[in-house]
Amino acid sequence: MSDASDAGHVTIEIDGRVLSVRAGVPLGAALHAQDRVLRRTARSGEARGLFCGMGLCFDCLVTVNGREGVRACVTPAAEGMRVETGRP
């Protein structure tokens with residue numbers, strides 16, 4: 001059920017967690033806002049954020065509604081999206 005405070009927001013699911021995010025925000029930004037780890041450094045294993053953030057590096061690939069290889073940084077959030085990062 002929506003109310004005035006939900007105006008402009010959509011509900012998506014990221015790794016089983018249901019979230020309300022602003023409609024159209026890139027999934028990469030939504031993931032970053034949730035402190036989700038997209039990648040880790042090769043040397044130390046430390047968490048990294050988005051790399052290019054504009055769809056060039058393919059470093060932010062996720063699965064959306066069962067479709068693999070979706071670039072999170074350029075894919076706008078839409079109602080009912082189910083996003084899987086493949087990362088804990």
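This is a short tour of the structure, one selection at a time.

Before you start, note that the model is predicted: local features need pLDDT of at least 70, side-chain atom pairs count only at pLDDT 80 or more, and totals for chains, interfaces and linings use all residues. Residues are numbered from 1 along each chain as its sequence is written, and side-chain values use heavy atoms, with hydrogens and water left out.

**Stop 1: the core**

Select I12, V21, L27, V62, V64 and V83. These have the most contacts inside the largest nonpolar core, which has 18 residues. Here a nonpolar core is a set of buried Ala, Val, Leu, Ile, Met, Phe, Trp, Tyr and Cys residues joined through side-chain atoms within 4.5 Å. Buried means under 20% relative accessible area, exposed over 50%, and partly exposed in between, using a 1.4 Å probe and protein chains only.

Now colour the elements that each supply at least two residues of this core: β1 (9-14), β2 (17-22), α1 (27-33) and β5 (61-64). Helices (H or I, at least four residues) and strands (E, at least two) are DSSP runs, numbered from the N terminus.

Stay with V62 for a moment. Leaving aside neighbours within four places in sequence, V62 is in contact (heavy atoms within 4.5 Å) with L31, L38, R67, E68, G69, V70, A72, V83, E84 and T85.

**Stop 2**

Pick V64, and you will find its bridge partner, R67, in β6. Two residues separate the strands of this hairpin, and N65 in the turn has a positive phi of about 50°.

**Stop 3**

Next, select T75 in the loop between β6 and β7. T75 is buried, at 15% relative accessible area. A polar atom of its side chain lies 2.6 Å from the backbone oxygen of R71. Beyond four places in sequence, T75 touches V25, P26, L27, V70 and M81.

P76 is partly exposed, with 44% relative accessibility. Not counting residues up to four places away in sequence, P76 touches G24, V25, P26 and M81. For a sense of scale, draw a C-alpha to C-alpha line from P76 to T41: the two are 26 Å apart in space and 35 residues apart in sequence.

**Stop 4: the charged network**

Show the side chains of E13, R82 and E84, which are linked in a network of salt bridges. A salt bridge is a side-chain nitrogen of Lys or Arg within 4 Å of a carboxyl oxygen of Asp or Glu, and the structure holds two.

Between R82 and E13, the closest N and O atoms are 3.6 Å apart. This pair links distant parts of the chain, with R82 in strand β7 and E13 in strand β1, 69 residues apart. Between E84 and R82, the closest N and O atoms are 3.8 Å apart. R82 is partly exposed at 45%, E13 at 26% and E84 at 32%.

**Stop 5: C57**

Finish at C57, in the loop between β4 (47-48) and β5. C57 is partly exposed, at 29% relative accessibility. Setting aside neighbours within four places in sequence, C57 is in contact with F51 and C52. Zoom out to see H9 as well: its C-alpha atom is separated by 28 Å from that of C57, and the two are 48 residues apart along the chain.

Terms used
Two strands pair if DSSP finds at least two bridges between them. A polar contact is a pair of N or O atoms within 3.5 Å; within protein, one must be able to donate a hydrogen and the other to accept it, and residues adjacent in sequence count only if both atoms are side-chain atoms.
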